[in-house]
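The following questions and answers concern a single protein chain. They take up selected strands, loops and aromatic side chains in turn.

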Amino acid sequence: MTGALPHSHVVVLSGAGISAESGIRTFRGGGGLWHDFRIEDVATPDAWRRDPEKVLAFYNARRRQLYSVEPNAGHRALAELEKDFAVTIITQNIDNLHERAGSTNVLHLHGELDKARSTADESLVYELGGKDICLGDTCELGGQLRPHVVWFGERVPELERAEDIVRRADVLLVVGTSLSVYPAANLAFLAPSHARKILVNPEIPDTVGLEAFECLGEPAAQALPRVVEELRNR
Ligand code: OAD
């Protein structure tokens with residue numbers, strides 16, 4: 001008999017919670033980054049115009065921390081899935097822990113912390129390799145470099161590609177996101193009706209539309225190895 005495997009395309013929508021057990025702070029909830037920093041001060045185009053040094057300091061600190069943490073069992077379990085399935089990870093995270101765990105197909109909806117982009121030409125993107133971005137660091141055209149991230153109020157360039165991917169999911173895993181930031185949160189509700197939908201979060205978000213999901217109220221590093229094992233043994 002031939003034909004596609006059932007559940008052959010697994011799509012993961014991940015958020016800050018999957019990296020929490022690696023030691024990276026989430027944004028909201030107890031201990032979240034947005035308790036210590038105001039979005040308007042560090043994560044908007046206005047903040048960049050007003051005080052670029054403060055914005056750079058915020059992202060430089062996040063980037064330095066990235067080099068002191070490791071992927072956890074949740075990231076690693078998702079990488080294992082590639083042995084049996086076509087897997088696409090759509091992450092809101094700007095860290096690189098999915099890639100460091102071995103996932104090869106990762107779409108960063110909100111950009112990447114370890115890259116810089118020219119303010120003169122947004123197609124000029126540079127690997128930072130852990131280095132800070134400072135005022136005066138420029139691209140070859142002389143434009144100041146900025147973090148290669150999506151700020152509040154900016155368009156999400158990868159959104160349409162992400163929507164197409166979710167619409168072709170056979171399994172959708174939504175992991176570690178409060179589903180409170182749009183348009184990213186909408187992606188959770190675009191999978192076809194036949195798709196199996198699983199949500200992993202110790203605090204299940206109070207979001208309309210989650211009735212179609214199997215909700216696992218556990219930390220990602222605990223739940224994902226089991227979920228992945230189950231999917232692989234079906
Ligand atoms: P949030 O900080 O809003 O939500 C993190 C979620 O992770 C919460 O629902 C927690 O309950 C959950 N969580 C905590 N520990 C967990 C664990 N060990 N395992 C699984 N889940 C856990 O983060 P995001 O939803 O990712 O955007 O936030 C979305 C966007 O808002 C971010 O990409 C960022 C932020 O502002 C920009 O900066 C543009």
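Q: Which residues of β7 are buried on one side of the strand, and which on the other?
A: The model is predicted: local features need pLDDT of at least 70 and side-chain atom pairs count only at pLDDT 80 or more, whereas totals for chains, interfaces and linings use all residues. Residues are numbered from 1 along each chain as its sequence is written, and side-chain values use heavy atoms, with hydrogens and water left out. In a regular strand the side chains alternate between the two faces of the sheet. Both faces of β7 are covered, with Val171, Leu173 and Val175 buried on one side and, on the other, Leu172 and Val174.

Q: How many of the residues of β7 are buried?
A: Strands (E, at least two residues) and helices (H or I, at least four) are DSSP runs numbered from the N terminus. Buried means under 20% relative accessible area, exposed over 50%, and partly exposed in between, with a 1.4 Å probe and protein chains only. Strand β7 is mostly covered, and its buried residues number 5 of 5.

Q: Which residue of β8 is the bridge partner of valine 174?
A: Two strands pair if DSSP finds at least two bridges between them. Strand β1 (residues 9-14) runs parallel to β7 and is joined to it by 5 bridges; here leucine 13 stands opposite valine 174. Strands β7 and β8 also pair in the parallel sense, over 5 bridges. In β8, the partner of valine 174 is leucine 199.

Q: Is leucine 179 buried or exposed?
A: Leucine 179 lies in the loop between β7 and β8. Its phi is positive, about 55 degrees, although the residue is not a glycine. Because its relative accessibility is 4%, leucine 179 counts as buried.

Q: Which residue does a cis peptide bond join to proline 183?
A: Proline 183 is placed in the loop between β7 (171-175) and β8 (196-200). The cis bond has an omega of about 10 degrees, and the residue joined to proline 183 is tyrosine 182.

Q: What kind of aromatic pair do phenylalanine 37 and phenylalanine 58 form?
A: Rings of Phe, Tyr and Trp (its six-membered ring) pair if their centres lie within 6.5 Å; planes under 30 degrees apart count as stacked, over 60 as edge-to-face and the rest as tilted. By this rule there are 6 aromatic pairs. Phenylalanine 37 and phenylalanine 58 lie 4.8 Å apart centre to centre, with 70 degrees between the planes, and the pair is edge-to-face.

Q: Which charged residue sits over the ring of phenylalanine 58?
A: A charge sits over a ring if NZ of Lys or CZ of Arg is within 6 Å of the ring centre and within 35 degrees of the ring normal. Phenylalanine 58 counts as buried because its relative accessibility is 4%. The charged end over its ring, 4.7 Å from the centre, is that of arginine 62.
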